[in-house]
Amino acid sequence: MSTAAPTTLIIEQTNVLEKDPSQFQYKTTLGNCSFNDFILSYPSGAYTGMRTVHRDAIVEFNTHMTRMTNSLSMIQFEGKTASQTQAANDALASLRDPVGFEAKVIPLLRKGLTAYYDQVDATTHTEHPSEAKVSLMATYSFETQQPYFAAHFAALPTIPPNKRVKVEIERKERKAPEVKDSQWVRDRQSLEKNKPVDVNEVLLMDDQERLYEGMASNFLVVKDGAVVCASLDHILLGSILKIVIKVCKEHAIPLKWEFPTLQDGKQGKWEGCFLTSTSRLLLPIETILVDNQSIEFKQVSPLVEFLRKQVANEIYTAAYKVLP
């Protein structure tokens with residue numbers, strides 16, 4: 001019986017409490033484990049999804065580092081007793097500290113990426129090697145009384161340059177979006193399961209028909225020459241959204257922090273709309289499905305197209321080189 005070639009690599013630091021980098025130890029697992037299965041194999045904790053550029057650098061590295069340490073600090077790991085809670089806080093101290101976290105993450109990424117390219121990535125020795133999607137997970141288990149710190153490496157899907165996608169709207173809000181808590185990966189599973197194959201993303205909307213973000217992306221619209229996005233106290237500031245903000249600032253494009261409304265979309269008040277995320281970069285939307293109707297964007301919005309090109313160029317400038 002032939003076994004499938006591995007498509008993913010997971011690397012886990014086995015002695016997270018160790019302070020001396022020369023003593024760090026790792027366990028590497030090759031296989032076909034999806035991002036969801038990787039995240040859900042651990043108790044709830046902090047996670048982030050990153051991408052490489054030029055195969056050796058991580059886009060918006062500092063954004064991801066801040067997100068991880070902030071999320072770990074905001075998630076409350078509460079045991080059954082005060083001493084269990086204290087033990088969890090002590091064990092997570094180095095991962096909640098930005099300096100301590102970076103000291104652990106760089107060797108983990110270096111070792112993981114090198115092994116992934118050598119042992120898993122079939123494109124490594126081809127003319128056009130592909131980029132990697134890198135996901136980090138950090139948490140604590142009260143069952144084993146241990147902290148966990150691991151990374152998952154997989155091929156980054158390539159998206160054709162002129163692609164526009166279909167999305168659907170679901171009436172669901174996300175609790176505490178500013179915290180990148182893996183509980184959200186559990187919560188959104190039913191949305192993912194019910195999503196039709198040709199739908200790229202599910203947008204979240206409240207009962208006042210205000211649009212927030214996608215399950216794993218930010219959502220923005222162009223209206224009256226301005227870019228409109230739900231305010232940052234209601235959504236997670238994604239690493240690519242951060243780049244969009246920078247581009248808008250540099251090119252004097254107005255950016256409004258207010259909820260896009262379904263009513264405006266239905267009334268044709270949007271010139272266009274798009275998603276941003278690590279794997280998608282900036283992806284224009286062609287069709288929105290809602291309440292058995294569809295909102296179509298027949299024409300490509302020039303402003304969305306301009307932003308798409310700018311973002312594609314900009315990812316190189318805010319990248320941190322991990323491999324020598």
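Begin with the lining of the largest cavity, which by class has 6 nonpolar, 3 polar and 1 charged residues, where Ala, Val, Leu, Ile, Met, Phe, Trp, Tyr, Cys and Pro count as nonpolar, Asp, Glu, Lys and Arg as charged, and the others, Gly among them, as polar. The model is predicted, so local features need pLDDT of at least 70 and side-chain atom pairs count only at pLDDT 80 or more, while totals for chains, interfaces and linings use all residues. Residues are numbered from 1 along each chain as its sequence is written, and side-chain values use heavy atoms, with hydrogens and water left out.

To display that lining, select Arg164, Gly272, Cys273, Pro284, Ile285, Phe297, Gln299, Val300, Ser301 and Val304. A cavity here is a set of points, on a 1 Å grid over the protein atoms alone, where a 1.4 Å probe fits but cannot get out, and lining residues have an atom within 4 Å of a point.

Now turn to the salt bridges, of which the structure holds 15; each is a side-chain nitrogen of Lys or Arg within 4 Å of a carboxyl oxygen of Asp or Glu.

Select Glu209 and Arg171, whose closest N and O atoms are 3.4 Å apart in a salt bridge. This pair links distant parts of the chain, with Glu209 in the loop between β8 (201–205) and β9 (211–214) and Arg171 in strand β7 (residues 165–171), 38 residues apart.

Move on to Asp206 and Arg210, which meet in a salt bridge at 2.7 Å, N to O. Asp206 is buried at 2% relative accessibility, whereas Arg210 is partly exposed at 24%; buried means under 20% relative accessible area, exposed over 50%, and partly exposed in between (1.4 Å probe, protein chains only).

Finish at Glu314 and Lys246, whose side chains meet in a salt bridge at 2.3 Å, N to O. Glu314 lies in helix α9 (residues 302–314) and Lys246 in helix α7 (residues 239–250), 68 residues apart.

Terms used:
Helix = DSSP H or I, 4+ residues; strand = E, 2+ residues; numbered from the N terminus. 1 Å grid on protein atoms, 1.4 Å probe; cavity = no way out; pocket = protein on both sides within 12 Å on 5 of 7 lines; lining within 4 Å.
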